[in-house]
Amino acid sequence: MTTSRKRFTAPQRLLHWLMAICILTMLFIGVGMVSTITSKYLTLVQIHKPLGIAILALALIRLTLRIFYGAPALPPDLPEPIKLAANLSQYIFYALMIGMPLIGWGMLSAASYPVVLFGSVHLPSILPLNPSLHTWLWRAHHYLAFAFFAFILMHVAAILFHKLIRNDGIFETMAPVLTRDEPK
Amino acid sequence: MAEPSTSPGTFRLKPLLIIATVVVVAAVAFAYTAGWLTPHRITPKKLVAALAPPGGPALGYRRNHAKGICFTGTFEANGDGSALSKATVFERGQYPVVGRFNLGTADPKAADAMVRVRGLGVQIMTPDGQQWRSAMIDAPIFAVSTPQGFYELLTASGSKEPDAMKNFIAAHPEFLGFLGWVKGAPWTESYAEEHYNSLNSFLFVDSAGTTHAVRWSLVPAAQPVPITPDELAKRGPDYLEQEITQRVAAGPQRWTMVVTVANPGDPTADPTKAWPSDRRTVEVGTLTVQQIEPERDGPCLNINFDPTVLPSGIATSDDPFPAARSAAYSRSYNSRTAEASNYPGTGAKQ
């Protein structure tokens with residue numbers, strides 16, 4: 001779905017950059033917490049859970065806005081393989097943004113851990129205690145986290161390619177502020 | 001003023017270098033955070049691996065305290081704990097418990113008489129959905145002051161170097177206090193006769209928001225009957241599990257939960273340092289063990305007795321162990337549940 005707008009709407013852009021910070025923070029916390037036995041472990045775990053749920057909520061809002069407002073059209077001269085990659089990457093990112101928190105929540109549920117957000121606020125269990133289910137979800141959470149980070153690196157490389165090499169206006173569709181003169 | 005756009009296809013090195021730099025810097029930062037660039041960091045993986053016997057870990061079992069038996073019962077709070085903590089679990093009432101008696105060994109087939117440390121894990125559930133998990137042992141103090149020290153203890157005791165333990169003790173003189181308990185304290189003939197201690201310090205937060213540094217113990221109602229390890233060995237390798245099964249079948253077994261409150265300045269960050277015996281204690285309730293169940297297919301099998309699963313009103317303190325234990329227990333849980341098919345008798349069911 002596309003729109004005649006040249007840029008994403010302001011709420012979409014705000015959500016994109018806010019979530020970029022949240023998700024990068026989340027991925028660093030994730031790999032950091034599972035590699036330490038210091039007291040940082042607990043601090044990081046305590047951030048990881050509520051932040052994950054926050055990302056899930058933001059992703060659902062963002063998906064709604066995306067369906068409602070659509071996205072600016074890609075430049076017509078963009079080669080087909082790049083167009084395909086650009087479109088596919090959006091599906092992948094939405095799947096990961098929504099899937100990862102759900103997998104994490106399900107993984108904790110399947111291990112019978114209480115899903116504590118803060119204080120006495122906790123989420124209900126969404127799956128029964130089940131070791132093989134836990135293992136499946138734990139592995140998915142683990143490997144998809146690395147895939148997520150790899151996709152973000154590709155995404156950053158691609159957008160820098162659009163900005164610095166093609167300068168085709170794609171970066172500006174999501175830029176927080178305009179970084180080049182609007183075409184007259 | 002924006003840079004004038006060049007036609008696609010014109011090769012320029014600078015933008016490519018910028019892109020490569022951004023990607024490489026981000027990837028290196030990620031790898032550093034993951035510990036891949038700092039091999040000396042003690043990770044949960046390394047700590048758990050150090051627990052394993054020379055032949056490797058027993059697949060499907062807890063990586064430590066591998067031998068154990070499940071129980072169910074109740075925790076009956078008398079209401080007195082509410083003066084120290086706002087946690088629901090201290091409000092007068094009866095709450096269901098899933099627990100596990102265990103031996104401090106990585107070998108699930110170890111003979112009872114070969115294992116000095118006995119433990120008890122509990123999970124107390126309150127109707128508001130909160131949980132309190134605790135894993136306690138019968139030693140009155142811990143072996144080492146820091147998780148780093150524990151890793152060094154594991155490394156030294158698994159080492160083939162003749163002087164490894166001597167060097168370890170020289171670097172960790174606090175270990176001698178624990179060794180004194182190991183050699184001097186009487187053994188008992190039953191899990192029911194053990195006094196189990198949290199060892200780690202936690203913070204109780206009362207309804208006014210005031211924190212109290214505490215440790216807790218489960219004090220048995222059963223009178224301890226001393227036994228020598230030799231006599232215990234004669235009763236068979238799994239005597240403790242048989243004994244507790246019969247004893248609980250004959251009647252529920254009880255422990256009083258006693259909370260000890262630290263005075264200002266008492267060492268909370270070091271579980272090798274006992275607090276003076278005149279510290280204020282509060283009896284907060286009674287643990288009743290009503291039924292013993294084999295671990296296989298039992299209610300405790302797939303529970304991780306992570307001591308940082310705490311209700312609102314109980315928090316970790318400056319004691320570094322609960323964090324390290326939580327990190328290691330999680331690693332152990334992920335490994336053993338992935339190997340569930342190796343656990344005898346349960347594989348086909350999962």
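Predicted model: local features only at pLDDT ≥ 70, side-chain atom pairs only at ≥ 80, totals over all residues.
A:Ser112 sits in the loop between α3 and β3 (115-118) of chain A. The backbone there is worth a look: A:Ser112 has a positive phi of about 65 degrees, and it isn't a glycine. Most residues other than glycine have a negative phi.

B:His65 has 27 C-beta neighbours inside 10 Å, so it counts as buried.

**The two chains**

| Chain | Helices and strands | C-alpha span along principal axes | Buried residues |
|---|---|---|---|
| Chain A | five helices, four strands | about 60 × 30 × 30 Å | 27% of 184 residues |
| Chain B | eight helices, twelve strands | roughly 90 × 55 × 50 Å | 43% of 350 residues |

Going along the sequence, the elements of chain A come in the order β-α-α-β-α-β-β-α-α. As for contact range, take pairs at least 6 apart in sequence: in chain A, 68% of those contacts join residues at least 24 apart. For chain B, with pairs again at least 6 apart, 73% of the contacts join residues at least 24 apart.

**Where the chains meet**

The contact between the chains draws 37 residues from chain A and 43 residues from chain B. On the chain B side, α1 (13-33), α2 (44-51) and α8 (321-338) each put in at least two residues. Sorted by class, that side of chain B has 25 nonpolar, 16 polar and two charged residues.

**Helix packing in chain B**

Two packed helices are described by the angle between their axes and the distance between the axes. On the α2(B) side the contact uses B:Leu47, B:Ala50 and B:Leu51, which meet B:Tyr151, B:Leu154 and B:Thr155 of α3(B). That contact has five nonpolar residues, one polar and no charged.

How does α2(B) cross α8(B)? Their axes come within 9 Å and cross at roughly 70 degrees, so α2(B) and α8(B) are roughly perpendicular to each other. From α2(B) come B:Pro44, B:Lys45, B:Leu47 and B:Val48, and from α8(B) come B:Ala327, B:Ala328, B:Ser330, B:Arg331 and B:Ser332. This contact splits into five nonpolar, two polar and two charged residues. B:Leu47 turns up in the contact with α3(B) and in the contact with α8(B).

Now for α3(B) itself. Which residues of helix α3 (residues 147-157) of chain B are buried? They are B:Pro147, B:Phe150, B:Glu152 and B:Leu154, and these buried residues pack against α2, α4 (164-171) and α8 of chain B.

One residue of α4 makes a handy contrast. B:Ala171 is found in helix α4 of chain B, and with 11 C-beta neighbours inside 10 Å it counts as exposed. B:Ala171 and B:Glu152 are 19 residues apart in sequence, and their C-alpha atoms are 9.6 Å apart. B:Glu152 is one of the buried residues of α3(B), whereas B:Ala171 is exposed.

In soluble globular proteins, nonpolar side chains tend to be buried together. In this model the largest nonpolar core holds 103 residues, and A:Ile37, B:Val89, B:Ile244 and B:Leu287 touch the most other members. Helix α3 (residues 80-110) of chain A gives the most to this core, with eight residues.

What does B:Leu287 touch, leaving aside residues up to four places away in sequence? The list is B:Gly73, B:Phe75, B:Val97, B:Val122, B:Leu218, B:Arg254, B:Trp255 and B:Met257.

Definitions and conventions
Residues numbered from 1 in each chain as written. Chains lettered and ligands numbered in written order. Contact = placed C-beta atoms within 7 Å. Nonpolar A, V, L, I, M, F, W, Y, C, P; charged D, E, K, R; others polar. Buried ≥ 20, exposed ≤ 12 C-beta atoms within 10 Å, placed from the backbone. Core = buried A, V, L, I, M, F, W, Y, C linked by C-beta atoms within 7 Å. Axes fitted to C-alpha atoms, helices over the stretch in contact; angles between N-to-C directions. Parallel < 35°, antiparallel > 145°, perpendicular 65-115°, else oblique.
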